[in-house]
Amino acid sequence: MEQVAPYFTFAEVVRTGSFTVAARSLGLSKATVSKQVMALEEALGVRLLQRTTRKLSPTAEGRALAARCQRMTQELEAAKAEVLLLRRKPRGPLRVSIPMSFGLMRVLPAMPEFLERYPEIELDIQLDDRVVDLVEQGFDACIRIAQLPDSSLLARKLASSRRVICATPAYLHRHGTPHRPEDLRQHRCLQYTYLASGTAWRLRGPGDVESLVETTGTLKANSSLALKTAVLGHAGIAQFPLFAVWEELRDGQLVEVLDDHTLPDLSIWAVHAQGRTVTPKVGAWVDFLARRFADEPGWNLGAQAKRGA
């Protein structure tokens, strides 16, 4: 650099403890460095350095100013790194954790297109409905379908999905159709293992009346796909996120029951550990999924709202 601001010149002198070494580091002459420091002292009206023939040390004012200047230097270096990072192509290993059913049904079918678009990314997908610790378990990002607590993680909402209660027409023909939440007690209600309310199903009906129904059944599974297989085999009634059963409802393989009642909607988030910047590979993956789900028919409430606007 041909010119260096006097504050940063001064900070380098304090860091190196030498006008000569600082001048070499900054690419300036020793005379220029000395002149800039003297001009800075004159402008501030304080002595910043104690000079002897053997030793160069900052005064109390000099130490305070040097510490602040060094922090400014670090911020500038971070800003430079951020700009360079954003210019880089997305590449390298990308390790992500995704809930099993959502991953198999909605994310993995889109990944060939993603990898075609970003051939230098090496994607490692782990399917798990349990909440993972991104930092401790070495993930770059994850998808979570939940109400997110406050944390040090950064999150971007990708989509929203209703939850629905479904059965096959054959099951309902054989066992009857529930018309009130309490009717569920007379049915085989299949359970999702990680449902926060356990076997109690919370529904909100006409007039904003809430019902909490304790259900019973003979099958529990930690995967919506497993439950869907059982329900399609006429084993009972289950609640699902709409993204898991949208096609089956559309095609008449499943029927929504108690459709005048609602279950709490689900929010789908992309989450990554907090840092100064989002790395290009994580940013590319999140942006790709956000665009993909924005065009999804049927199950994404956010996309429905945009189309209706």
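Colleague: Which residues touch the most other members in the largest nonpolar core?

Modeller: In this predicted model, they are Phe102, Phe114, Ile143, Leu158, Trp285, Leu289 and Trp299, out of the 41 residues in that core. Helix α10 (residues 280–294) gives the largest share of this core, eight residues. Apart from it there is another core, of 17 residues, with Phe10, Ala11, Phe19 and Leu26 among them.

Colleague: Happy with that. What makes a set of residues a nonpolar core?

Modeller: The members have to be buried residues of the nonpolar kinds or Cys, joined through side-chain atoms within 4.5 Å.

Colleague: And which residues is Ile143 in contact with, leaving aside neighbours within four places in sequence?

Modeller: Ser97, Ile98, Pro99, Phe102, Val107, Leu158, Ile268, Trp269, Trp285 and Leu289.

Colleague: Let's turn to Ala141. Why is Ala141 called buried?

Modeller: Buried means under 20% relative accessible area. Ala141 has 1%, so Ala141 is buried. You will find Ala141 in strand β5 (residues 141–145).

Colleague: What does Ala141 touch, not counting residues up to four places away in sequence?

Modeller: Arg95, Val96, Ser97, Leu134, Val271, His272, Val282 and Trp285. Take Val271: Ala141 and Val271 are 130 residues apart along the chain, yet their C-alpha atoms are separated by 5.5 Å.

Colleague: Good example! Now, why is Val46 called partly exposed?

Modeller: The term covers values between the two cut-offs, under 20% for buried and over 50% for exposed. Val46 has a relative accessible area of 31%, so Val46 is partly exposed.

Colleague: What about the cysteines: are Cys69 and Cys189 buried or exposed?

Modeller: Cys69 has 1% relative accessibility and Cys189 has 0%. Both values are under 20%, so both residues count as buried.

Colleague: One last stop, then. Which residues of helix α9 (residues 242–251) are buried, and what follows that helix?

Modeller: Leu242, Phe243, Ala244, Val245, Trp246 and Glu248 are buried there. After α9 comes Gly252, with a positive phi near 85°.

Conventions. Residues numbered from 1 in each chain as written. Predicted model: local features only at pLDDT ≥ 70, side-chain atom pairs only at ≥ 80, totals over all residues. Heavy atoms only, no water. Buried < 20%, exposed > 50% of the residue type's maximum accessible area, 1.4 Å probe, protein only. Helix = DSSP H or I, 4+ residues; strand = E, 2+ residues; numbered from the N terminus. Contact = heavy atoms within 4.5 Å.
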